[in-house]
Structures are given as C-alpha cells and as structure tokens.
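Please examine the structure shown below together with its sequence.

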Amino acid sequence: MREMTAAAARRAALLAQGFADKEPATTPTRRHVRSVLGRIRLFQIDSVSVAVRAHYMPLFSRVGEYDRGLVDSAAWSHTTRSPRLLTEYWAHEAAFIPIEDWPLMRWRMERYQRGRHAGEARVLDRNPTLAADVLDVIGAVGACSARDVERHLEVDQVGRKGSWWDRSETKMVCEQLFASGALAVDKRVAFTRHYDLIERVLPESVRAEQVPMEDAIRGLVQRSARALGVATESDLRDYYRLSRAETAPAIEDLVEDGVLERVRVRGWDAPAFRHRDVRVPRRVDAAVLLSPFDPLVFCRPRTERVFDFRYRLEIYTPAHKRVHGYYVFPFLMDGELVARVDLAANRPSKVLEVRSAFVEPGQRPERVVDALLPELRRMAAWLGLDEVKVDDRGDLAALLAAEATRP
C-alpha cells in the first residue's frame with residue numbers, strides 16, 4: 001500500500017479543490033463557473049447573508065473577483081445559447097449541483113416521496129389532496145413561492161413568523177414535492193424558493209435519464225473522491241451525506257476498477273483513498289478567504305485531520321460564549337489554514353467589518369497580515385465596499401488594524 005505524508009495529502013486535496021493551479025488573472029466568465037463546478041461539484045446554499053451568501057463565495061475563492069450574476073444566470077436562466085448549468089437539490093445540504101448530476105439523485109427523491117422529515121408525511125396524511133392542489137396551482141400560474149400558492153388556495157395562516165422560519169402546511173408540501181422530484185426550484189427571490197414543475201425547469205434529456213441506485217451512489221462517491229483528492233471513507237460519505245452502508249460497496253467497486261487507490265497517510269487516524277486522477281503538487285501558493293460552507297472545510301472532522309484546524313460554526317452559540325465570532329472565514333495561505341476572521345458587510349456604510357481576527361499557533365503574525373489584508377481588500381471591492389475596518393477582538397486584530405489604517 002502506498003504511503004503518503006500528511007503534507008502531500010493536504011497538497012493533493014488543495015489541488016483537487018482548485019487551489020494549486022489557479023488560472024492567470026482574467027475577467028471570470030461562464031467558463032470559470034463550469035471549471036470550478038467540474039472540480040467541486042456543488043455550491044452549498046445557506047441563509048446567512050451577513051457577509052455574502054455562501055453559494056457565491058467558492059467561486060470567488062478560486063477565481064477572484066467576478067460578477068455574481070454569473071452564478072445567478074447559471075442557476076436561474078435558460079436560453080438556447082446559455083442553457084441552465086445548475087439546479088438546486090439536497091446534496092451535501094441544500095446546494096446547487098450541475099444539472100447533469102440531477103439523475104444521480106433520483107434514488108434519494110424516491111426515498112423522499114413522503115418528504116425529508118416525519119412532519120411532512122403527517123401533513124400529507126392530514127391533507128390528502130393538498131399536494132395535488134399545489135401542483136395544480138403551480139401548473140396553472142407558473143413558478144411561485146409557497147406563500148403565493150397559499151394565496152391562490154386562499155389559505156389563511158395565523159401567527160406567521162416570516163418567510164424563513166415559516167413551516168406552514170402548504171410550505172411543507174412544497175418542500176415535500178421538491179424533495180421528491182415533482183417540483184424544482186426555478187429561482188430564489190430574497191432567498192425564498194420559487195417552485196415550478198420539474199418539466200419546466202430541467203430538460204427532457206436529464207429528466208429521462210434513469211440511473212440505478214447502486215450506479216448513482218458509485219457516481220456520487222467517485223465525484224466525492226475526485227473533489228477531495230485524498231479522503232477517508234467518512235470523508236467520501238459526508239460530501240453527499242451518504243450512509244456507510246451505501247458508500248462501502250461503491251468504494252470497493254471503485255478500488256477494484258482502479259479508480260480509487262488505498263493509501264496510508266501518516267498521522268491520519270483512518271485508512272484513506274486517493275483518486276487516480278489526482279496529482280500531488282510540489283507547493284500551493286494560494287492566499288484566499290474561505291466561506292464556512294466551502295467544500296474544502298465544510299466537513300469539520302476532515303478539516304481538523306487535514307489542516308490541524310479545529311473549526312466550528314458559532315452562529316447559534318450565544319454571543320458571550322463565542323470563541324472566534326459569528327460568521328468566521330478561515331484564511332488559507334501557502335497550503336495551510338493560518339488564521340480566521342469574523343466578517344460582516346456593512347452595506348450602508350460600505351465597510352467590510354473584521355469583527356475579530358485570530359492567528360493560528362506557530363504562524364508569524366506579520367507574514368499572515370501581509371497576505372490577509374490584500375485579500376480582505378479584494379473581497380471588499382468585490383462586494384462593492386470601500387474600506388476594511390478591523391475591530392479589536394482577537395490576537396491578530398491589533399496588527400491587522402494598524403496595517404489597514406497605514407497610509
């Protein structure tokens with residue numbers, strides 16, 4: 001069995017994720033969306049917008065400043081010259097995936113015929129005609145939100161809590177129909193899903209493709225392996241949230257076919273697998289900020305294993321108990337995660353606020369700041385903000401603030 005150093009496995013992972021062979025600086029185009037998506041296979045979606053929506057950030061981290069309309073048009077627009085590239089479904093979590101990967105999720109849709117959660121099944125039982133009513137409304141009026149459907153059905157809900165936390169029965173049935181593949185997300189408006197009939201969102205060639213469950217899971221595991229470079233069995237499962245029972249046979253098949261190679265990574269606590277197409281670069285020079293939901297770091301145990309970087313999202317932690325902040329971006333420099341910054345976009349003031357900044361043990365703060373500050377300024381410019389302002393929280397904050405205010 002081949003043995004790899006932990007550093008080599010880390011560099012292979014960074015190459016697989018698109019950080020070791022960045023293209024020359026140019027104005028990013030639709031081709032860059034295709035290229036990045038070809039590597040990482042999904043853009044995770046999340047509701048938090050304190051800095052920037054999660055699905056926009058992975059492309060920025062890999063290609064630099066780009067027009068966010070590229071992602072919007074790839075997901076929401078379809079013309080003969082520019083067909084839809086992305087569709088939304090439950091992958092790692094809610095995510096944009098390549099439209100051609102939709103058939104690989106059919107087995108999951110079949111599993112979700114009565115919804116992803118028991119509550120959705122109970123709603124169907126209580127309202128046996130509601131699903132058909134929802135489909136009739138959307139079929140007649142086109143893409144619309146759950147609230148729009150309610151208005152057409154003349155449903156009067158009491159005690160509503162707003163669009164994000166609203167779990168009205170109509171909303172739950174819309175979600176069940178989306179999870180089961182009867183509806184697709186045509187677009188989002190103010191982050192609210194607008195559902196449409198699947199045949200009006202996805203091309204017939206995609207809808208007609210039938211992939212047996214075993215082949216689909218094998219395809220998903222192969223995509224995970226290629227996106228991760230070198231990965232443990234649990235890493236491969238986590239990428240598309242598969243079970244051990246689903247993943248184990250697929251891994252064995254891929255090893256037998258030579259797609260995956262068993263490897264031993266020094267210092268790792270579990271056996272690993274290397275995709276046959278993944279190389280190990282001699283060095284990785286990237287200096288980039290990462291969204292908390294970037295595929296490089298969204299599996300927290302893997303992040304700790306590969307980068308020796310313990311990372312937890314503290315959004316739901318009471319403010320006085322947070323260690324690093326509310327929405328913390330890891331900072332990648334020269335192949336390591338060397339710092340973390342809690343960021344917020346103050347749009348009225350046109351300021352990118354660094355609410356805290358921490359350097360990792362063993363890193364030289366001056367060197368980190370020299371690389372981090374230009375990336376913060378680049379992110380601010382991308383978001384249409386004029387300056388970077390650093391608060392005084394964290395062991396890197398004072399030095400970063402001093403450099404940020406230097407003439």
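Are Phe-309 and Tyr-311 buried or exposed? In this predicted model, both of these residues are buried.

A pair of aromatic rings is described by the distance of the centres and the angle of the planes. The structure contains 9 aromatic pairs by the rule applied here. In the pair of Phe-309 and Tyr-311, the ring centres are 5.9 Å apart and the planes meet at 55°, so the arrangement is classed as tilted; an angle over 60 degrees would be needed for edge-to-face. Tyr-327 and Phe-329 form an aromatic pair that is edge-to-face, with 5.5 Å from centre to centre and 75° between the planes. Tyr-327 is buried, and Phe-329 is buried as well.

Aromatic residues also come together in a cluster, which is made up of Phe-60, Tyr-66 and Trp-382.

The cysteines come next. The structure holds 0 disulfides. For Cys-174, the nearest cysteine sulfur is that of Cys-144, at 7.2 Å. Because a disulfide requires two cysteine sulfur atoms within 2.5 Å, Cys-174 is in no disulfide. Cys-174 has 0% relative accessibility and therefore counts as buried. Cys-299, at 12% relative accessibility, also counts as buried, because the cut-off for that class is under 20%.

Attention may now turn to the helices. Helix H8 spans residues 146–153 and helix H9 spans residues 169–179. How do the axes of H8 and H9 cross, and at roughly what angle? The two axes come within 9 Å and cross at roughly 120°, which means that H8 is oblique to H9. The crossing in which H8 passes H9 is right-handed.

Helix H1, residues 6–16, is mostly covered, with 8 of its 11 residues buried. The buried residues in H1 are Ala-8, Ala-9, Arg-10, Ala-12, Ala-13, Leu-14, Leu-15 and Ala-16. After H1 comes Gly-18, which has a positive phi, near 95°.

Methods:
Residues numbered from 1 in each chain as written. Predicted model: local features only at pLDDT ≥ 70, side-chain atom pairs only at ≥ 80, totals over all residues. Heavy atoms only, no water. Buried < 20%, exposed > 50% of the residue type's maximum accessible area, 1.4 Å probe, protein only. Phe/Tyr/Trp six-rings, centres within 6.5 Å; stacked < 30°, edge-to-face > 60°. Axes fitted to C-alpha atoms, helices over the stretch in contact; angles between N-to-C directions. Helix = DSSP H or I, 4+ residues; strand = E, 2+ residues; numbered from the N terminus. Parallel < 35°, antiparallel > 145°, perpendicular 65-115°, else oblique. Left-handed = near helix turned anticlockwise from the far one by under 90°.
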